[in-house]
Amino acid sequence: SLEHDSSSPPYNGQRPDTTMNDANSPTQTEIHVDLTNPVIQEIVSRHRKAFQSRNASEVYLAVLVKSFPKGRVARDTLRTTWFIRDTKTHRPVPSRLTRQYFLIGEADTEETEKQLEQEQKEFEDLIRVPFPEEYAFLAPKVFYGLQFIGSRLSF
């Protein structure tokens, strides 16, 4: 049972990983999790069992990042910092845990289109969406990305 431990203080509406400084703005602090706490042990146990019961082809988490055709620098930054890459080839490392994709609308020039085709050959992480890169198409762009991963990945 995951019931609240009455010995711990109730949630006060403030994020546990922030405190207020003298200027009354949030500052980062460390979070300490008591791994001996039965509630934490139960949560970890449930996640571990769920992950171990998955097939090798299943994915635990898919990350969709909204991008735009000329956003190569930002995409490369994510690829080299947040996403797991092979250090020699810089290609995605297959993982049972995650898949990362960038949602990108239509290119405005042939040159940009060629650059995107080369980037897709190199990284295989672009989802090309058949919509113009406009705010009005943001919801269909995200929906298309969700359909894409739903039809190709097993969760």
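Start by selecting V59, A62, Y101, L103, I127, V129, F148, I149 and L153, the 9 residues that make up the largest nonpolar core, a nonpolar core being a set of buried Ala, Val, Leu, Ile, Met, Phe, Trp, Tyr and Cys residues joined through side-chain atoms within 4.5 Å. Buried here means under 20% relative accessible area and exposed means over 50%, with partly exposed in between, for a 1.4 Å probe and protein chains only. Strand 4 and helix 4 (138–152) are the elements that give two or more residues to this core. Apart from it lies another core, of 7 residues, and L78, F83, L116 and L126 are among them.

The model is predicted, with local features requiring pLDDT of at least 70 and side-chain atom pairs counted only at pLDDT 80 or more, while totals for chains, interfaces and linings use all residues. Residues are numbered from 1 along each chain as its sequence is written, and side-chain values use heavy atoms, with hydrogens and water left out.

Now colour by secondary structure, which gives 4 helices and 5 strands; helices (H or I, at least four residues) and strands (E, at least two) are DSSP runs, numbered from the N terminus. From the N terminus on, the order of the elements is β-β-α-β-α-β-α-β-α.

Next, select the open sheet, in which 3 strands follow the order 3-4-5 with parallel pairing; two strands pair if DSSP finds at least two bridges between them. Strand 3 (61–66) and strand 5 stand at the edges with a single partner strand each, so one side of each has no neighbour in the sheet. From one strand to the next the twist averages 30°, where axes are lines fitted to C-alpha atoms, for helices over the stretch in contact, and angles run from 0 to 180 degrees between N-to-C directions. Between strand 3 and strand 4 (residues 98–104), the parallel pairing extends over 6 bridges, and V65 can be picked out together with F102, its bridge partner in strand 4.

Staying with helix 2, select R75, L78 and R79, which are buried. They cover an arc of only 100° around the axis, which puts them on the same side of helix 2, the arc being that of the directions from the helix axis to the C-beta atoms. What covers the buried residues of this helix includes strand 3, strand 4, helix 3 and strand 5. Turn to the face directed away from the buried side of helix 2 to find the exposed residues V73 and T80.

Finally, centre the view on R79, which belongs to helix 2 (residues 72–81) and is buried, with a relative accessible area of 1%. Its side chain makes a polar contact with the side chain of D76 (2.8 Å), and the side chain of R79 also makes one with that of E119 (2.8 Å). A polar contact is a pair of N or O atoms within 3.5 Å; within protein, one must be able to donate a hydrogen and the other to accept it, and residues adjacent in sequence count only if both atoms are side-chain atoms. The side chain of D125 likewise makes a polar contact with the side chain of R79 (2.8 Å). D125 sits in the loop between helix 3 (110–123) and strand 5 (126–128), and at 2% relative accessibility D125 counts as buried.

Terms used: Contact means heavy atoms within 4.5 Å.
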